[in-house]
Amino acid sequence: MSAPPDSLDPVRAELLRAARADADTLLERARADADAALREARATADAVLARARELGAADAAAGAARERVHAAQDAWAAQLAGRGEVYDALRDAVRAGVRRALARDPAARSAVTAAARAALGPRARVTATVAGGVTAESPGRRVDLSADALADRALERLGVRAETLWEPS
C-alpha cells in the first residue's frame with residue numbers, strides 16, 4: 001500500500017532544496033573564508049619570519065660590533081700592559097746602572113753629595129743610602145738623590161720620548 005500523495009510534499013521538497021542550496025552557499029563561503037584566512041596567516045607568518053631575519057641580522061651585526069670593540073679594548077689593554085712591562089724593565093735596568101755607577105765611581109758619589117749640599121746649604125744633614133746615592137735634610141726641606149730617585153728622574157725627563165722604546169723601528 002502506498003501512501004496518498006501529500007499536498008505538502010512539494011513544499012517540503014522546495015524547503016529541502018532551498019536548505020541544500022543555502023548549505024552549499026554557506027559551505028562555499030566557509031571554504032573561501034578559510035582559504036583567505038590561510039593566505040592571510042601565511043602572509044603574516046612570512047612577514048614575521050622576514051622581520052625576525054632582519055632583527056637577527058641586526059642583532060648579529062651589533063654583536064659582531066661589540067666583539068670588535070671588546071677585541072680592540074683587549075688588544076689595547078695588552079699593549080698597555082706590555083708597555084708597562086717594558087718601562088718597568090727599563091726603570092729596573094737604569095736604577096741598577098746608576099747604583100753600579102755610584103758604587104764604582106767615587107767622583108760620582110762626591111758629585112751627588114755636593115749637589116745635595118748645593119740644594120740645601122752647607123748645614124744640610126747628608127746621609128748615604130743603602131742602594132747608593134744620598135738623601136739630605138735641612139729644617140723644612142728634604143732632597144732625595146738616591147740611586148733610584150736619580151734614575152727615576154732621568155726617566156721622567158724622557159717624557160713621551162720613552163714611547164719610542166716600544167714603537168716599531
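This short talk describes the strands, the nonpolar core and the salt bridges of the structure shown above.

The structure is a predicted model, in which local features need pLDDT of at least 70, side-chain atom pairs count only at pLDDT 80 or more, and totals for chains, interfaces and linings use all residues. Residues are numbered from 1 along each chain as its sequence is written, and side-chain values use heavy atoms, with hydrogens and water left out.

I begin with the strands. Helices (H or I, at least four residues) and strands (E, at least two) are DSSP runs, numbered from the N terminus. Two strands are said to pair if DSSP finds at least two bridges between them. By that criterion, strand β1, residues 125-128, pairs with β2 in the antiparallel sense over four bridges. Within this pairing, Arg125 stands opposite Glu137 of β2. The β1 and β2 hairpin has four residues between the strands, and Gly132 there takes a positive phi near 115°.

Thr135 has Asp144 in β3 as its bridge partner. The hairpin of β2 and β3 has two residues between the strands, and Gly140 in the turn shows a positive phi of about 80°.

I turn now to the interior. A nonpolar core is a set of buried Ala, Val, Leu, Ile, Met, Phe, Trp, Tyr and Cys residues joined through side-chain atoms within 4.5 Å. The largest one has 12 residues in all, including Val98, Val112, Leu120, Val134, Val143 and Ala151. Each of α1, α2 (106-120), β2, β3 and α3 supplies at least two residues of this core, and α2 gives the most, with three. As a general remark, nonpolar side chains in soluble globular proteins tend to be buried together.

Leu120 deserves a separate word. With neighbours within four places in sequence set aside, Leu120 is in contact (heavy atoms within 4.5 Å) with Ala136, Glu137, Ser138, Arg141, Arg142 and Val143.

The last topic is charge pairing. A salt bridge here is a side-chain nitrogen of Lys or Arg within 4 Å of a carboxyl oxygen of Asp or Glu. How many salt bridges does this rule give? The count comes to 10.

One of them joins the side chains of Asp6 and Arg12, at 3.1 Å from N to O. Both ends are partly exposed, Asp6 with a relative accessible area of 33% and Arg12 with 44%.

Arg91 is partly exposed at 23% relative accessibility, as is Asp88 at 34%.

A further salt bridge is formed by Asp148 and Arg95, whose closest N and O atoms are 4.0 Å apart. This pair connects distant parts of the chain, with Asp148 in helix α3 (residues 147-158) and Arg95 in helix α1, 53 residues apart. Asp148 is partly exposed, at 22% relative accessibility. Arg95 and Asp148 also belong to a network of salt bridges that includes Arg99 and Asp152.

Definitions and conventions:
Buried < 20%, exposed > 50% of the residue type's maximum accessible area, 1.4 Å probe, protein only.
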